[in-house]
Amino acid sequence: MKNILLYDLSNDGHHFIYNSTVMNKIKSQYNKACYYTATDNKDIINELRDKQIEVHNIHVTRKANQYLSVGYRTILLIRMLLFARINGFKKIHLFHLDSNIISLLCLLPFLLGLQVTGTLHWFPTRKWKKRILLFLLRFSMVNKIVVHGDYTQHEFNELLRPEHEQKIVNIHFPNFPIPQVSSKDNTKEVEEKLAGLTRPFFLCFGGLRSDKGIDLLLESLAPLRGKSFTLIVAGSEGYFTGNDIKQLAKQYGIEDKVFLDLRFIPDDVMDYYFNACDAVILPYRTLFSGQSGPLTEGAARNKYILGPRHGEIGHTIQTYHLGNTFEAENVEDLTDKLQQTLGTIHNEGSTLPSNNTYAPLISMERFIHSYDQFFASNG
């Protein structure tokens, strides 16, 4: 057996759960598994070491919610590759290949003699970035990549020659289990706040980034202000703040229909929101090209999902009949589909038919087994 070095600088939220789940499963295939990362969270370091996963922790200078520049990411990647060579790691897995595509092209000589694999969470929307990734795959600078969905796998296979198609491995993003907690205080408080609000509940869950389109959703709900519903917006502030949301809701005359819970949402509260809602709304812009955690959470609970028609999300909703889709960034179409969603919930309820064929694809058992096979097939 050989050694493997696993690389990711981010460990927030489900990001770390994803990485640690994979590492814990595949460590038995190697003499030594080491996680090269940057974190101030001692619990993360201790958890990995308890699982016999070595941790090489580095310091990265950045402000909260600030993206690292390409130049800085390239420097950090050089340091990681030098660490790999000095310590005898021939196999490297990049858990977030998306943020290293340009850096890898700049560092081609450093990749010689190494077996590099990666996980790609988003399908590249820029043509030049797509060309770089295809170049890296064709010349085996990156040996194989994991993608999250049929659409992304198909798009790459359309661009690659048949002999390279085996380099794209589809592992569906899983529904992570909710840790068991003994206290119900967190959910009880939320339950009490929602008790007097009007159903149905539309859930818009996740950090308030620009590409997630919360402003478009609020605008699209303005023509429906006379209907009965409550929009639950739950997640951390980001590009949009709580004040932004309140001002937009007031501008569109729906301030009495919007419930805000703007913070990092604990797992048990997240579970409550997804179980309690009648529909999951994904008002994403065209820039959003990856798979969606809220889609996965909703699908696992058989909830009706309304999302954009393009990319992996649109393909998933339409192929597996998870709900309905709209033209991204088209407010009028989103309004129309929200009205249809209200009608569907009123007539058929908020849960999908019991023959949901997508749920088995996103089970943790399937996810872990698929990653186990992915690493085993790479020697």
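Which residues lie nearest the centre of the second largest pocket? They are L9, A38, T39, D40 and R62. These five are among the 14 residues that line the pocket. The model is predicted.

**The pocket**

The second largest pocket holds about 320 Å³ of space. Its lining divides into 5 nonpolar, 6 polar and 3 charged residues.

**The sheet of 7 strands**

An open sheet of 7 strands runs in the order β3-β2-β1-β4-β5-β6-β7. The pairing is parallel. Strands β3 (54-57) and β7 (168-170) stand at the edges. Each has a single partner strand, so one side of each is left without a neighbour in the sheet. From one strand to the next, the twist averages 20°.

Inside this order, β5 (residues 115-120) and β6 (residues 144-147) run parallel and are joined by 4 bridges. G118 stands opposite I145 in β6.

Two helices that pack on the sheet are described here. Helix α7 (residues 150-159) touches β5, β6 and β7. Its direction makes about 165° with that of β7. Helix α15 (residues 364-376) touches β1 (3-7), β4 (91-94), β5, β6 and β7. The direction of α15 makes about 170° with that of β6.

**The sheet of 6 strands**

Another open sheet has 6 strands, in the order β10-β9-β8-β11-β12-β13. Its pairing is parallel. Which strands stand at the edges? They are β10 (258-261) and β13 (323-326). One side of each is left without a neighbour in the sheet, because each has a single partner strand. The twist averages 20° from one strand to the next.

Strand β12 (residues 304-308) pairs with β13 in the parallel sense, over 4 bridges. L306 stands opposite N324 in β13. Helix α11 (residues 267-276) lies across β8 (201-205), β9 (230-234), β10 and β11 (279-281). It runs at about 140° to β8.

| α7 (residues 150-159) | β5, β6 and β7 | about 165° with β7 |

**Aromatic pairs**

How many aromatic pairs does a search of the whole structure find? The search finds 23. One of them joins Y36 and F83, edge-to-face. Their centres are 5.4 Å apart, with 65° between the planes. This pair links distant parts of the chain. Y36 is in strand β2 (residues 32-37), F83 in helix α3 (residues 70-86), and the two are 47 residues apart.

How values were computed
Residues are numbered from 1 along each chain as its sequence is written. This is a predicted model: local features need pLDDT of at least 70, side-chain atom pairs count only at pLDDT 80 or more; totals for chains, interfaces and linings use all residues. Side-chain values use heavy atoms; hydrogens and water are left out. On a 1 Å grid over the protein atoms alone, a cavity is a set of points where a 1.4 Å probe fits but cannot get out, and a pocket is an open set with protein on both sides within 12 Å along at least five of seven lines; lining residues have an atom within 4 Å of a point. Grid points are joined across faces, edges and corners, and a volume is the space filled by probe spheres set on the points. Ala, Val, Leu, Ile, Met, Phe, Trp, Tyr, Cys and Pro count as nonpolar, Asp, Glu, Lys and Arg as charged, and the others, Gly among them, as polar. Two strands pair if DSSP finds at least two bridges between them. Axes are lines fitted to C-alpha atoms, for helices over the stretch in contact, and angles run from 0 to 180 degrees between N-to-C directions. Contact means heavy atoms within 4.5 Å. Rings of Phe, Tyr and Trp (its six-membered ring) pair if their centres lie within 6.5 Å; planes under 30 degrees apart count as stacked, over 60 as edge-to-face and the rest as tilted.
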